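I opened this model to check its confidence and its fold.

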Amino acid sequence: DRTIKVWCIKTGKCIATFEGHTGSVLCLKFERDWDVGADGAVRGFMVSGSSDCTVCVWDLISAPVASGERNSDSTTTDGVSAELRHVLRGHSAGVLDLKMDERWIVTCSKDALMNVYDRKTLTLHTVLSGHEGPVNAVGLENGRAVSASGDGKMILWDVETGSCIRIFEGHEKGLACIEFKNDLILSGSNDCTIKLWRASTGECLHTFAGHTLLVRALYFEPRTGYIVSTSYDRSVRVWEWREPEAGASSDRSKSKGVGRLVREFRNLHTSHIFDVKFDVGKIVSTSHDQKIVVLDFSHGIEGAPLFI
């Protein structure tokens, strides 16, 4: 519906709606660490991408709500608003994914290109070109970006210079999603598999198989080793990855580490699942069925629906 909504994870209620795009909002990122101003308001930063070919840059403001203005049944203590700071117009087709860090905003598009913007000046730094199909997903880590495309290739880039560092090939069909954290890259594909790669060497460490349709979204937490994947087969799967121990077996497959399926959830959604996020206690999934499902993992990996 071309809007961005803010939800309270404790109550499941919508607490704010923002409008700025003229097409579907396909991706967004916001910073978790906000700055507290002299007026007591907390300010943050958000970037959103749309099928209207634009990237909107927002200032988020969370101000305390007076006790007399709160609803009696609400636990929300802050009012959240957003101000549209700038619109980036560098793509010629829909913006499919984006990532940002302290220095860069990196966007990717159906036009097969990646745009790198300077976060402070919001000016275009460079355009990364090398794919033959839409760039469906992008990752950003320590000055390196990785792109995943419908052409079946994944490319690692130096953001500063715009040069290609490495091309990864191994999936049998196009790529739909990636996660890039530390020196590990996780890729999901239309071949129904998930692959884990070492960015610095290009080595494929493990292939996770089990989904029966396109793997649409991934979330990886290297600290715990948990991977959450969602697919057009309407399932949410939790995997575990363990790095090889020092002095591991000479068996080459074991020396790359071990991956296994921990849990599978079905019937959470009635249509394609588009995205997933995960932390220590919760999994949040979104779907074409217009539902957001929150699974509570605070009592272990078994999980239970918290909100739908």
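**Confidence and fold**

I looked up confidence first: pLDDT (the predictor's confidence in each residue, from 0 to 100) averages 87 over the protein chain, and 84% of the residues score at least 70. This is a predicted model, where local features need pLDDT of at least 70 and side-chain atom pairs count only at pLDDT 80 or more, while totals for chains, interfaces and linings use all residues. Residues are numbered from 1 along each chain as its sequence is written, and side-chain values use heavy atoms, without hydrogens and water.

I noted residues 67–77, where pLDDT stays under 50. The model has 11 contacts (heavy atoms within 4.5 Å) beyond four places in sequence for that stretch.

Next, secondary structure. I found 1 helix and 27 strands in the protein chain, taken as DSSP runs numbered from the N terminus (helices H or I, at least four residues; strands E, at least two). Of the contacts with a separation of 6 or more, 42% link residues 24 or more positions apart.

I checked burial too: 45% of the 308 residues are buried, that is, under 20% relative accessible area with a 1.4 Å probe, protein chains only.

**Trp58**

I found Trp58 in strand E6, residues 55–64. Is Trp58 buried or exposed? Trp58 is buried, at a relative accessible area of 2%. Beyond four places in sequence, its contacts include Ile4, Phe18, Met46, Ser48 and Leu84.

I then looked at Ser48.

Methods
Buried means under 20% relative accessible area, exposed over 50%, partly exposed in between (1.4 Å probe, protein chains only).
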